[in-house]
Structure formats: C-alpha cells, structure tokens
Amino acid sequence: MIKQHEPSTKSMSGYLAPLVREIPPSGIRKFFDLVSASKDIISLGVGEPDFCTPWHVREACVYSLERGNTKYTPNAGMPELREAIAEYLYDSFHVPYEPSDEILVTVGGSEAIDLALRALIVPGDEVLVPEPCYISYSPITTIGGGIPVGIETFAKDNFKLTPEALKASITPKSKVLILCYPSNPTGGIMTYEDWLPIAKIVEENDLIVISDEIYAELTYEQKHVSFAAMPGMRDRTILVSGFSKAFAMTGWRMGYACGHRDLISAMLKIHQYTVMCAPAMGQVAALEALKNGMEEKDRMVESYNQRRRLVVQGFRDIGLECHEPQGAFYAFPSIASTGLSSEEFAQRLLHEAKVAAVPGYVFGKGGEGFVRCSYATSVNQLLEAIDRIGNFIRKL
C-alpha cells in the first residue's frame, strides 16, 4: 500500500519560468474538464471526431505489434510513410515534396507547429496570427520568446484574412505568419483568389509562413487550396498537417511538417533531441490510412457536411446569427443578441441547459460575442443540443 502523506502547503511557483507561469491554461480544456465532471451533458466543445479510427487502420497497428515492430524508426519517420505523405499531398493539393529531406513525421500537428516556431523565431520576433484561431499559436510563440500579434477577422468577411488587415499588422519585426484554413474555430476557408494578394504581401515583406492545414480534407463546397501551392510560396511555407481530424485518429498523435529542406532540417534537430521519433505503431497506422483509408475519409466528410447544414439552419431557426462554415467541423454562432458575454453564455448554457460550447473569447481577437460548437457528434445529439439551446435562449 502506498503511504499517504499530507499535501504540502508550500508554493513552488517561484521556481517556474516567468513565461510559463503567466500563460493561462487552455480555455477549451477548462470546459472539457467541467463536462467530464458532470452528467447528462451534450458536449459540443472538444474538436474530436465521434467516429472511431477505421478497423483496418487499427488492425494494421495490431498486426505490426504482433510481429514485434516496437523499435525506433528513423528520426524523420518511416521512409515509406514519408513517401506516402508526399504522394498524397501532390495528388490532393498539387504540392511537391521530396520524402527524403522535406518531410518530417511528428507527434501530432501540434509538435510540428512548436518545432517550426522554435526553429524560426528569436526573442523579439513578431508572429502574425489571424484570429479567432486555434488557441495554441500565441502561447507557443510566447514560450519561444516571440511576440504574437493577433489580426482580427470578421463574420462579415466569412472570417477570411484580408490583405488590408495583414498589411496593417506588419512591422519591421514581423517574421512569421501563421495560417489556419480551414479555420478552427470559425470554419472559414480561403480560395485561390483570396490567397493571391496574401502571397504577394508575404513575398514583399519577406515573411515565412506556417500553414496549419489539419482540416484540409474537411471542405464542403469547394476543394481546399494549400497556401504552399500558391506561386512562389512553396519554399516560404512550412505546411503542417496530420491524421487526427480527417482520419479520426486524434489519440494516435500523428502529424507531419513539409517544407524547404533547410527549414525541415532545423526542425529535425530539435525533434531528434526531444522526442527522437514518432511512435512506430502510430506510423504504421498512418501509412495504412493513407494507402487504404480514403473511402472511410470521404464517408466521414459527407456525414459532417450533413450535420453542418443541420446545425447552421438549427441555429438560425432559434434566432442566432451563424455564418455558414465551409470547412472543418465547427459552427461559430453569434450570441451577441442575448446580451451575455461569451463566457457567461457558455457557463450558463452548461449549468442551465446541460450543453457545453466553448466561449469565443478564448480564440483571440474577434472571438467575443460568439461560441464554438463542434458538430462532430451524432445527429440525435445535435438536434437535442439545438433544442436545449433554443429553450435556454427563450428563457433569457
């Protein structure tokens, strides 16, 4: 039996690095923890597919383990997986990469973003981040000594990054532009025509781009356009993606980064000293997903599309303005008409209606007045959630 002891009353925070001590905890995880501790909650909070990883992908992993495939892989990842990623990106998004030195397999897309920022920025560099956006970009920038600069986007523009807003945010210290389209949390996308002026500004101001394209496969009315595929942008762009969203593999933590060999080589140095390599069994599963998982991926995307239309119309029917998301699996309805802040709305919705949504303010500039609702859950749950939200609003 483990001997019990009295918890210490001494604070250890004085030993922590000030940058880490001052970073707030994830607003998404805060609500996820509340949901975990409650009963009868319908969660629209965490961005995770409700589908299980396809059986043949799991089976490939199990068979690999049975054969004793439990060793390290090359630091950059299994050569056959890097070759499959290169083929997939070229066939799907028309971006060519050399598997041997321009692709790095990482522990999720999150590690790839962290590696890219650590390889690029020095203290004082400014990192431009269109917002509302995925909550990790700014804290990771801060930890690396950089200065995150939020660029507000608006529902009236379908949350697209406009050239005017980008130009207005650039200073002599600007070095990196982080892009996330399709967008988490808004579901906004960028077209080829949208990207053209952005690419011109990037070149004129000698910026490096980290393009987080983890939702690239999840577009509904037109095909995703990779920023790396824009003229002159391939070598200026570190393309980050992974298997979590499109292939329902969140828990496998399999991602990758692609880019100019000098950039990938620098990221590889950090990667090999911190995590050595991504797990071998996860790489086997990722390879199977790329080789034989496209039909399941397409079926999941079609299901998300049906839910997308249901949710957007549902929010509009109960009186909430909601722009139509063209990608990812999030709706971002405005709750401004309720007179509540996004934090108060989300807290009261959770406690009074038993529905969890993420308050928009946690996603940065432009997020206040909205809540993020993931529609990666069952139709029955979505219908019930909308009904509960509608009743909640009518009682306000």
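Me: Which residue in strand 12 stands opposite V358?
Reply: That is R372. Keep in mind that this is a predicted model.

Me: How many bridges join strand 11 to strand 12?
Reply: Two bridges do, and the strands run antiparallel. Strand 12 covers residues 371-374.

Me: And what is the order of the strands in that sheet?
Reply: The order is 9-12-11, with three strands forming an open sheet and antiparallel pairing. Strand 9 (330-331) and strand 11 (358-359) each have a single partner strand, so one side of each is left without a neighbour in the sheet.

Me: What do strands of a sheet pair through, in general?
Reply: They pair through backbone hydrogen bonds, in either a parallel or an antiparallel way.

Me: Let's look at strand 5. How many of its residues are buried?
Reply: Six of the seven residues in strand 5 (residues 174-180) are buried, so the rest of the structure largely encloses this strand.

Me: How does strand 5 run relative to strand 3, parallel or antiparallel?
Reply: Strand 3 (residues 126-131) and strand 5 run parallel and are joined by three bridges. V127 has V176 in strand 5 as its bridge partner.

Me: What about strand 6, how many bridges join it to strand 5?
Reply: There are five, and strand 5 runs parallel to strand 6 (residues 208-212). L179, for instance, has S211 in strand 6 as its bridge partner.

Me: Switching to helices: at what angle do helix 5 and helix 9 cross?
Reply: Roughly 115°, and their axes come within 9 Å. That makes helix 5 roughly perpendicular to helix 9. The helices span residues 108-120 and residues 261-274 respectively.

Me: Is that crossing left-handed or right-handed?
Reply: The crossing of helix 5 and helix 9 is right-handed.

Me: Which residues meet there?
Reply: From helix 5 they include E111, L115 and R118, and from helix 9 they include L263, M267 and H271. The residues of this contact of helix 5 with helix 9 divide into nine nonpolar, two polar and two charged.

Technical notes. Residues are numbered from 1 along each chain as its sequence is written. This is a predicted model: local features need pLDDT of at least 70, side-chain atom pairs count only at pLDDT 80 or more; totals for chains, interfaces and linings use all residues. Side-chain values use heavy atoms; hydrogens and water are left out. Two strands pair if DSSP finds at least two bridges between them. Helices (H or I, at least four residues) and strands (E, at least two) are DSSP runs, numbered from the N terminus. Axes are lines fitted to C-alpha atoms, for helices over the stretch in contact, and angles run from 0 to 180 degrees between N-to-C directions. Angles under 35 degrees count as roughly parallel, over 145 as roughly antiparallel, 65 to 115 as roughly perpendicular and the rest as oblique. A crossing is left-handed if the near helix is turned anticlockwise from the far one by less than a right angle, and right-handed if clockwise. Contact means heavy atoms within 4.5 Å. Ala, Val, Leu, Ile, Met, Phe, Trp, Tyr, Cys and Pro count as nonpolar, Asp, Glu, Lys and Arg as charged, and the others, Gly among them, as polar. Buried means under 20% relative accessible area, exposed over 50%, partly exposed in between (1.4 Å probe, protein chains only).
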